[in-house]
Amino acid sequence: MVKFVLCDSSTLYMEKLKKQIQNIIDQTGYNMKISLLTTKLKKVMDYLEVDDGISIYIIDVDYDNNHLYGIKLAKQIREKDRNAYIVFNTMRTDSVYNVMTGLIRPSGFFKKPIHKEDMQILMGDIYQDYLNLQGENDDLFHVNIGANIYHIEYRHILYFEAFQKKVYIHTSNQRIGYYDSLADLVKRLNNQFVRCHRSYLVNVDNIKNVSFTDMILEMKDGRKIDISRTYKNLLKKRLNL
């Protein structure tokens, strides 16, 4: 489960944000809940001491007109919880430079108020990431497109293709595109998938034939994928050739 922690100088704003988040949870069925609403930075630190799950922290950059408080809190969260999703929400857009540098690694920066569409995309992206990294189901690949998350069995994926800033998932009867990179994707997948070209990441279980003479591999459905010299040895090693 993914838990929300809202920390803001305005209780009224947090209540509106809570309602927005809960509506999205109810509509999507995401395994998420809201665990804490507070105006006190110390309560967030107390929460960190007792909770060891996956949390999304939506925090105000400014407290009592001092933007350093929010940034300090974010740094403390990151030190305690390396897997935390930290989202900044503020009226001060000039604070973006301060929070995007250093070791905070925020998952988002939004000007108040967060629009519902932006919240839907944020929650979908984080939940997709959570499902893929935490392994709620090791047999499924999860991808977020808009407000929807698609669950695709790994055995049905032939290959991933990178094209014009998107990654396309190819199955025998589908082609699904979303924003990602093969470089990031390969870090999240197991060795069932191997890079054979800068544009292709293939499922080794669905390879039918390989020709290093023609630098082509053929998938089980007959589709042919190029092999580049850069990844030739990597592919050979993975296939024990």
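The following dialogue explains some of the terms applied to this predicted model.

Student: What should I know before reading the values?

Tutor: The model is predicted, so local features need pLDDT of at least 70 and side-chain atom pairs count only at pLDDT 80 or more, while totals for chains, interfaces and linings use all residues. Residues are numbered from 1 along each chain as its sequence is written, and side-chain values use heavy atoms, with hydrogens and water left out.

Student: Why is tyrosine 159 called buried?

Tutor: Buried means under 20% relative accessible area, exposed over 50%, and partly exposed in between, with a 1.4 Å probe and protein chains only. Tyrosine 159 has a relative accessible area of 6%, so it is buried.

Student: How do you know whether glutamate 153 counts as buried, partly exposed or exposed?

Tutor: Its relative accessibility is 29%, which lies between the 20% and 50% limits, so glutamate 153 counts as partly exposed. Glutamate 153 belongs to strand β7 (residues 148-153); strands (E, at least two residues) and helices (H or I, at least four) are DSSP runs, numbered from the N terminus.

Student: What makes the link between glutamate 153 and arginine 155 a polar contact?

Tutor: A polar contact is a pair of N or O atoms within 3.5 Å; within protein, one must be able to donate a hydrogen and the other to accept it, and residues adjacent in sequence count only if both atoms are side-chain atoms. The side chains of glutamate 153 and arginine 155 make such a contact at 2.7 Å, so the distance is within the limit.

Student: Which residues are in contact with glutamate 153, leaving aside neighbours within four places in sequence?

Tutor: Asp139 and Leu140. Contact here means heavy atoms within 4.5 Å.

Student: Why are β8 and β9 said to pair?

Tutor: Two strands pair if DSSP finds at least two bridges between them. Strands β8 (residues 157-163) and β9 (residues 166-171) have six bridges in the antiparallel sense, so they pair. In one of these positions, tyrosine 159 has histidine 170 of β9 as its bridge partner. The two strands form a hairpin with two residues between them, and glutamine 164 in the turn has a positive phi of about 50°.

Student: Why is the pair of tyrosine 159 and tyrosine 200 called edge-to-face?

Tutor: Rings of Phe, Tyr and Trp (its six-membered ring) pair if their centres lie within 6.5 Å; planes under 30 degrees apart count as stacked, over 60 as edge-to-face and the rest as tilted. Tyrosine 159 and tyrosine 200 are 5.9 Å apart, centre to centre, with 70° between the planes, so the pair is edge-to-face. Tyrosine 159 is in β8 and tyrosine 200 in β12, so the pair ties together parts that are 41 residues apart in sequence. Tyrosine 200 is also buried, at 16% relative accessibility.

Student: What makes arginine 175 count as a charge over the ring of tyrosine 168?

Tutor: A charge sits over a ring if NZ of Lys or CZ of Arg is within 6 Å of the ring centre and within 35 degrees of the ring normal. The charged end of arginine 175 is 3.9 Å from the ring centre of tyrosine 168, so the distance is within the limit. Lysine 166 lies over the face of tyrosine 179, at 5.0 Å from the ring centre.
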